[in-house]
Amino acid sequence: MNCFQIIKFVLDEAYNQIEGNESEKDESISEALVYLRDQYSKLLTGVTIDYSHPITRFAYIYAYVTSHANLVNTIIDKSSDLSVLFDKEKVTVTCLGGGPGSDFLGILKYLMLNSKNPRVSFKICDKEKAWLDSWEGVDNMVDPKFRISTSYNSIDVTEPEDWQSLKNYFQSSDLFTMIYFMSEVQALRDKADEFFANLFEKAKSGALFLFVDNNIPEFYDWFDELADEFGVEILKSRRENILAPIHEEKKDLGEYYKKFGSPKIRANVAYRIARKT
Ligand SMILES: C[S@@+](CC[C@H](N)C(=O)[O-])C[C@H]1O[C@@H](n2cnc3c(N)ncnc32)[C@H](O)[C@@H]1O
């Protein structure tokens, strides 16, 4: 299965979990797509998005996971610092706010397209437990020649009791991904700062960071300030429009593409590739 066949499978499962007949479900999903777009435009005002409902999760996976996975693949592909990491025999990746699976699938897409097969252990951390419902068993759908394992940790980074006992959990990571994550907690920066300070401080020397987010200073300045304070060297800093090629996905997304239109394909992003010194 390629990444987008996996997404289609996950969407089918998520669609089946939604109550109601087909037209009721489709109407609710269309509303949730509008709701998410609207909420993302208001992140700076402090809205919090509730992903616990299967309709919201379906809408997120449909509209954003395909796009964000493409971004991750494209950025890794263009970066020698990131791509050589996957030439190693064993890689540990922590995906912060990675519950929806985009970070994982983006890396998987990169491995598949480049025929690389290190043993990759993904530590997926997210406050929303319900994502586990969507992605449970996904690693079993991946061709076993890709030696992938995933573990899921339900952590709210604004709640110290959720992560303080895991202070050393992040030390084995070779790569931290923060894909559209800091924007979602930016309004709670006062509460989340302690988590990020601990993470940036405890990351092992040589660990890489991939930050991708909306091209808005409040989000990338926060990352840059943490990097500066904790000896994390920014190797690449970009603000650009990235267009995701979705011709392959269109076919794989099948009937959903006809019902719900195109997933997000153009992203105006700021991204950073950084390394702990
Ligand atoms: C916009 S989504 C990004 C997901 C994924 N990285 C991607 O690019 O598609 C933000 C994620 O952050 C999670 N999240 C929001 N607030 C959080 C918090 N305080 N602690 C941990 N995760 C949080 C949400 O549950 C959601 O999965």
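This is a predicted model: local features need pLDDT of at least 70, side-chain atom pairs count only at pLDDT 80 or more; totals for chains, interfaces and linings use all residues.
Residues are numbered from 1 along each chain as its sequence is written, and side-chain values use heavy atoms, with hydrogens and water left out.

Let me stay with F196 and turn to the core. A nonpolar core here is a set of buried Ala, Val, Leu, Ile, Met, Phe, Trp, Tyr and Cys residues joined through side-chain atoms within 4.5 Å, and buried means under 20% relative accessible area, with exposed being over 50% and partly exposed in between, using a 1.4 Å probe and protein chains only. The largest such core has 100 residues, and of these F196 and F200 touch the most other members. Helix α3, residues 54-78, supplies the largest share of this core, namely 14 residues; helices (H or I, at least four residues) and strands (E, at least two) are DSSP runs, numbered from the N terminus.

Helix α5 gives us a residue to look at in detail, I107. At 0% relative accessibility I107 counts as buried, and, leaving aside its neighbours within four places in sequence, it is in contact with V72, I76, F86, V93, F122, L175 and T177. The C-alpha atoms of I107 and D77 are separated by 9.7 Å, although the two residues are 30 apart along the chain.

Leaving out residues up to four places away in sequence, K123 touches T92, V93, T94, C95, S151, Y169, S172 and S173. From C-alpha to C-alpha, K123 and F104 are 9.5 Å apart in space and 19 residues apart in sequence. The other lysine, K8, lies in helix α1, residues 3-17, and is buried as well, with a relative accessible area of 16%. K8 touches D252, L253, G254, E255 and Y256, again not counting residues up to four places away in sequence.

A disulfide is a pair of cysteine sulfur atoms within 2.5 Å, and a search of the whole structure finds zero of them. C95 is in no disulfide, the nearest cysteine sulfur being that of C125, 8.1 Å away. C95 is buried, with a relative accessible area of 0%, and C125 counts as buried at 4% relative accessibility.

Now the ligand. A residue is near a molecule if one of its heavy atoms lies within 4 Å of it; there are 21 residues around the ligand, of which Y60, H68, S102, D126 and I179 come nearest. A nitrogen atom of the ligand is 2.8 Å from a polar backbone atom of I179, a ligand nitrogen is 3.0 Å from a polar backbone atom of V157, and a ligand nitrogen is 2.9 Å from an N or O atom in the side chain of D103. Taken alone the ligand exposes 600 Å², and the protein buries 98% of that, with accessible areas coming from the Shrake-Rupley method with a 1.4 Å probe.

Two backbone angles deserve a check on the screen. Most residues other than glycine have a negative phi. In Y180, however, phi is positive, near 50 degrees; Y180 lies in the loop between β4 (175-179) and α8 (182-185), and it is buried, with a relative accessible area of 12%. S115 also has a positive phi, near 45 degrees, and is found in the loop between α5 (102-113) and β2, but S115 is exposed, with a relative accessible area of 64%.

I will end with D221, in helix α10, residues 217-229. D221 is partly exposed, at a relative accessible area of 33%, and its C-alpha atom is separated by 27 Å from that of E161, which is 60 residues away along the chain.

Terms used: A polar contact is a pair of N or O atoms within 3.5 Å; within protein, one must be able to donate a hydrogen and the other to accept it, and residues adjacent in sequence count only if both atoms are side-chain atoms. Contact means heavy atoms within 4.5 Å.
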